Amino acid sequence: MKSSLLLSVFLRQCAETRTNFRSFSSVVLKRQVPCSPGPRRMQPRFASGGCSALMFRRHGEPSQVVELETLELPSVGANDVLVRMLAAPINPADINMVQGTYAFLPELPAVGGNEGVAQVVEVGCQVTTLKPGDWVIPKDAGLGTWRTAAVVSENSLIQLPSDIPLLSAATLSVNPCTALRMLSDFQELQAGDTVIQNAANSGVGQAVIQIAAARGLTTINIVRDRPQFNQLSDRLKAMGASHVITEEALRLPPMQELFKTCPKPKLALNGVGGKSATELLRHLEHGGTMVTYGGMSKRPVTIPVGALIFKDVKVRGFWVTKWKANHAHDEKPFIDMLDELCTLIRQGKLTAPVCNQVELGDHRRALEAAMEPYASAKQILIL
Ligand SMILES: NC(=O)c1ccc[n+]([C@@H]2O[C@H](COP(=O)([O-])OP(=O)(O)OC[C@H]3O[C@@H](n4cnc5c(N)ncnc54)[C@H](OP(=O)(O)O)[C@@H]3O)[C@@H](O)[C@H]2O)c1
């Protein structure tokens, strides 16, 4: 690992070629000429010049290939910002990146993590939108957030209000954004309409439940059966879930009874694939839409021909990374979306996913826990 990082070049490259994602840990810094007066700063809590980071030098089993390492931080250029990472989740996409199976991969060696919240410690003299003390999140995936500090371009960050809970801020930019977009962009939904989803206890699923409830939508929430099903069902209902049903029960005739009490779903959200997705399609309203955003079962989606011919269902996909790239030229839709989500958070209508807070040094246990089935809790690194 080179000790210096080429952030300015990397971020410019990312802006020019939105598909060429590279972790900032894997590039070499071209130092920028400092301008006067000197950078504005607040007292950093980490040793000056260095940071700790969870890095992987090869793809493989996360608990085996991810190591805690010390990185030297580059100096803060005129358009750069030194941030102290506060908290960062371990998401399935992060795991897939370490395994080498995700849709885009950083150059190795790389720092893990794509999401998280940081606090600005120091800004370069040409930075205009951020100041020391501000909370920020990465605009895009690929930044490598499992670290205590970083020097990044002002343009790669977006400011977040610091009056929301830390764990909400750390988990805001991926799952709640995905949930909000899928509830907004694929079907016109009115209060009283129904949405059905699988992986309802996932981070995305919990955000779907809460945003849908705030909009007066009925949700049918499918989870895998487990010994503590009632406990999980109660927890999801306390968040606003209308119905919580196991995958097994979804296949049984009594499901039809449910549709005497609520309309058939216009929208199905699929984070699992395989048979689970086929079951969602079976219950979809004529002309409804199924949006696939995840494939946790690693099984393909099979669409019964009858669903296409007789029900004319629409089968779509969504990737929040692509949505952000498509809106990179105009930040307003992204900022508006974050504002809407922060308002829900302040109103107590959107909480962070159920999670375990872990220290960086406990990363091996946290990575293993993040891959456990039936865990129903997200691992969040407190940095
Ligand atoms: N397309 C996008 O823009 C986008 C954005 C965010 C997330 N995602 C994707 O959405 C999915 C969920 O992400 P997340 O952060 O919300 O996940 P998460 O909080 O880590 O939860 C994982 C979920 O997957 C379920 N699951 C795991 N293995 C399964 C299997 N073999 N069959 C059925 N369900 C299984 C878990 O259920 P159990 O409790 O039963 O284990 C749990 O509900 C991931 O695939 C992620 O990559 C996509």
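Modeller: Strands of a sheet pair through backbone hydrogen bonds, either parallel or antiparallel. In this case, strand β2 (residues 50–56) is joined to β3 by 7 bridges in the antiparallel sense. Within that pairing, Ala 53 has Glu 69 of β3 as its bridge partner. Please keep in mind that this is a predicted model.

Biologist: In what order do the strands of this open sheet lie?

Modeller: The order is β3-β2-β5, an open sheet of 3 strands with antiparallel pairing. The edges are formed by β3 (66–72) and β5 (110–111), each of which pairs on one side only.

Biologist: What kind of peptide bond joins Leu 108 and Pro 109?

Modeller: The bond between Leu 108 and Pro 109 is cis, with omega at about -5°. Pro 109 itself belongs to the loop between α3 and β5.

Biologist: Let us turn to parallel pairing. Which strands does β13 pair with in the parallel sense?

Modeller: Strand β13 (residues 267–270) pairs with strand β10 (residues 194–197) over 3 bridges, in the parallel sense. Gln 197 has Leu 269 in β13 as its bridge partner. Strand β13 also runs parallel to strand β14 (residues 289–292), to which 4 bridges join it.

Biologist: Which way do the side chains of β13 point, and are they buried or exposed?

Modeller: Leu 267 and Leu 269 point one way, while Ala 268 and Asn 270 point the other way. All four of these residues are buried.

Biologist: How should I read the helix of that crossover?

Modeller: An α-helix has 3.6 residues a turn, so residues three or four places apart point the same way. The buried residues in α10 are Ser 276, Ala 277, Glu 279, Leu 280 and Leu 281. They pack against β10, β11, α8, β13, β14 and α11 (305–309).

Biologist: Where else is there a right-handed β-α-β unit?

Modeller: One is made by β11, helix α7 (residues 229–239) and β12. Strand β11 (residues 218–223) and strand β12 (residues 243–246) run parallel and are joined by 4 bridges. Ile 222 is placed opposite Ile 245 of β12.

Biologist: Glu 247 interests me. Where is it, and what does it touch?

Modeller: Glu 247 lies in helix α8 (residues 247–250). Leaving aside residues up to four places away in sequence, it touches Ile 222, Arg 224, Asp 225 and Ser 276. Glu 247 and Arg 224 are 23 residues apart along the chain, and their C-alpha atoms are separated by 5.5 Å.

Biologist: Why does Glu 247 count as partly exposed?

Modeller: Glu 247 counts as partly exposed because it has 16 C-beta neighbours inside 10 Å. A residue would need 20 or more to be buried, and 12 or fewer to be exposed.

Biologist: Which residues have a positive phi although they are not glycines?

Modeller: Asp 312 is one, with a phi of about 50°. Asp 312 sits in the loop between α11 and β15 (314–317), and it is exposed because 10 other C-beta atoms lie within 10 Å. Ser 376 is another, with a phi of about 55°. Ser 376 belongs to the loop between α14 (363–370) and β17 (378–382), and it is partly exposed because 19 other C-beta atoms lie within 10 Å.

Biologist: Finally, how does one describe the protein as a whole?

Modeller: The protein has 14 helices and 17 strands. Of its 383 residues, 45% are buried. Among contacts between residues at least 6 apart in sequence, 71% join residues at least 24 apart.

Definitions and conventions:
Residues numbered from 1 in each chain as written. Predicted model: local features only at pLDDT ≥ 70, side-chain atom pairs only at ≥ 80, totals over all residues. Pairing = 2+ DSSP bridges. Helix = DSSP H or I, 4+ residues; strand = E, 2+ residues; numbered from the N terminus. Right-handed = clockwise from strand over helix to strand, strands pointing away. Contact = placed C-beta atoms within 7 Å.
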